[in-house]
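Here is a briefing on one protein model. Take a look at the fold, then read on by topic.

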Amino acid sequence: MKIDFINLERMFIANNELIITPDIWIISDTHFFHENIGRYCNRPENWQDLIINNWNNLIAPDEQVLHLGDFALGKKMNFELLTGSLNGKLFLIRGNHDRLSKTYCEAHAVTLLNEPLHVDYYDRVKLVFSHRPIIPLPDDLINLHGHIHNVPPPPEGSNLGPRHLNMSVEVREYRPWRLQDIIKHLI
């Protein structure tokens, strides 16, 4: 399978412009309104308020957020409440728990992406953003992903390596991160 890489400066998705720059915010696996996720992943009490507060304290209304999947569960009313209260323009790579239609998401100012995004980051490193870790990962790629939460890979025989960067909130201080802060040690 051929992987096409885009120029870092601009890419267009549907009618919405996604600009991948060092300043874009990245987050994954917020699982808003998922009643059991706190227990499954040993999240702190009031984890949902913690994520929302961190999100809005860091992200300005005009900034872009790339969410790597599993944004929210439950009723459409909950989705509407979140999209109306979180800062930033949200681009969501569909995770295994993201079941709302593209039309519904876009009606609420969320651009839904079904495929991983491949980006040539300043001709220095090739990034791929996905919900699930990409396995096997070609040698020249860095994969920013979610899905595995805070479950460490087995010490031996794991297919995940140092080029897999887990962006699940449990291992990222329950907050979004700027792309430049995530990959600065890789360049």
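**Sheet and fold**

E6 and E7 pair in the parallel sense, over four bridges. The model is predicted. The protein has five helices and twelve strands. Of its 187 residues, 49% are buried.

- Leu90 has Val110 of E7 as its bridge partner.
- Strand E5 (residues 64-67) and E6 also run parallel, joined by four bridges.
- Val65 has Leu90 of E6 as its bridge partner.
- These strands belong to an open sheet of five, in the order E7-E6-E5-E4-E12. The pairing in this sheet is mixed.
- E7 and strand E12 (177-178) are the edges, and each has a single partner strand, so one side of each lacks a neighbour in the sheet.
- Strands of a sheet pair through backbone hydrogen bonds, in parallel or antiparallel fashion.

**Nonpolar cores**

- The largest nonpolar core holds 24 residues. Those with the most contacts inside it are Phe32, Ile51, Trp55, Val65, Phe71, Leu82 and Leu86.
- Six elements each supply at least two residues of this core: strand E4 (25-27), helix H2 (47-58), helix H3 (76-85), strand E6 (89-93), helix H4 (102-107) and strand E7 (110-113).
- H2 gives the largest share of this core, four residues.
- A second core is separate and has 23 residues, including Leu68, Phe91, Leu165 and Ile182.
- Which residues does Leu86 contact, leaving aside neighbours within four places in sequence? They are Phe32, Ile52, Trp55, Asn56 and Phe71.

**Helix H3**

- Asn78, Phe79, Leu82 and Thr83 are the buried residues of H3.
- Viewed down the helix axis, the buried residues of H3 fall within an arc of 125°, so they line one face.
- These buried residues pack against H2, H4 and E7.
- The face of H3 turned away from the buried side carries exposed residues: Met77, Leu81 and Gly84.

**Thr30**

- Thr30 sits in the loop between E4 and helix H1 (37-40).
- Buried or exposed? Thr30 counts as buried, because its relative accessibility is 0%, and the cut-off for buried is under 20%.
- The side chains of Thr30 and His67 are joined by a polar contact of 2.9 Å.
- Not counting residues up to four places away in sequence, Thr30 touches Arg43, Trp47, Ile51, Trp55, His67, Asp70, Phe71 and Val169.
- Among these partners, Ile51, Trp55 and Phe71 are listed with the most contacts inside the largest nonpolar core.

**Cysteines**

- How many disulfides does a search of the whole structure find? The search finds zero.
- Cys41 is buried, with a relative accessible area of 6%.
- Cys105 also counts as buried, at 2% relative accessibility.

**Contacts along the sequence**

- Take the contacts in the protein between residues at least 6 apart in sequence: 60% of them join residues at least 24 apart.

Methods:
Residues are numbered from 1 along each chain as its sequence is written. This is a predicted model: local features need pLDDT of at least 70, side-chain atom pairs count only at pLDDT 80 or more; totals for chains, interfaces and linings use all residues. Side-chain values use heavy atoms; hydrogens and water are left out. A nonpolar core is a set of buried Ala, Val, Leu, Ile, Met, Phe, Trp, Tyr and Cys residues joined through side-chain atoms within 4.5 Å. Buried means under 20% relative accessible area, exposed over 50%, partly exposed in between (1.4 Å probe, protein chains only). Contact means heavy atoms within 4.5 Å. A polar contact is a pair of N or O atoms within 3.5 Å; within protein, one must be able to donate a hydrogen and the other to accept it, and residues adjacent in sequence count only if both atoms are side-chain atoms. A disulfide is a pair of cysteine sulfur atoms within 2.5 Å. The arc is that of the directions from the helix axis to the C-beta atoms. Two strands pair if DSSP finds at least two bridges between them.
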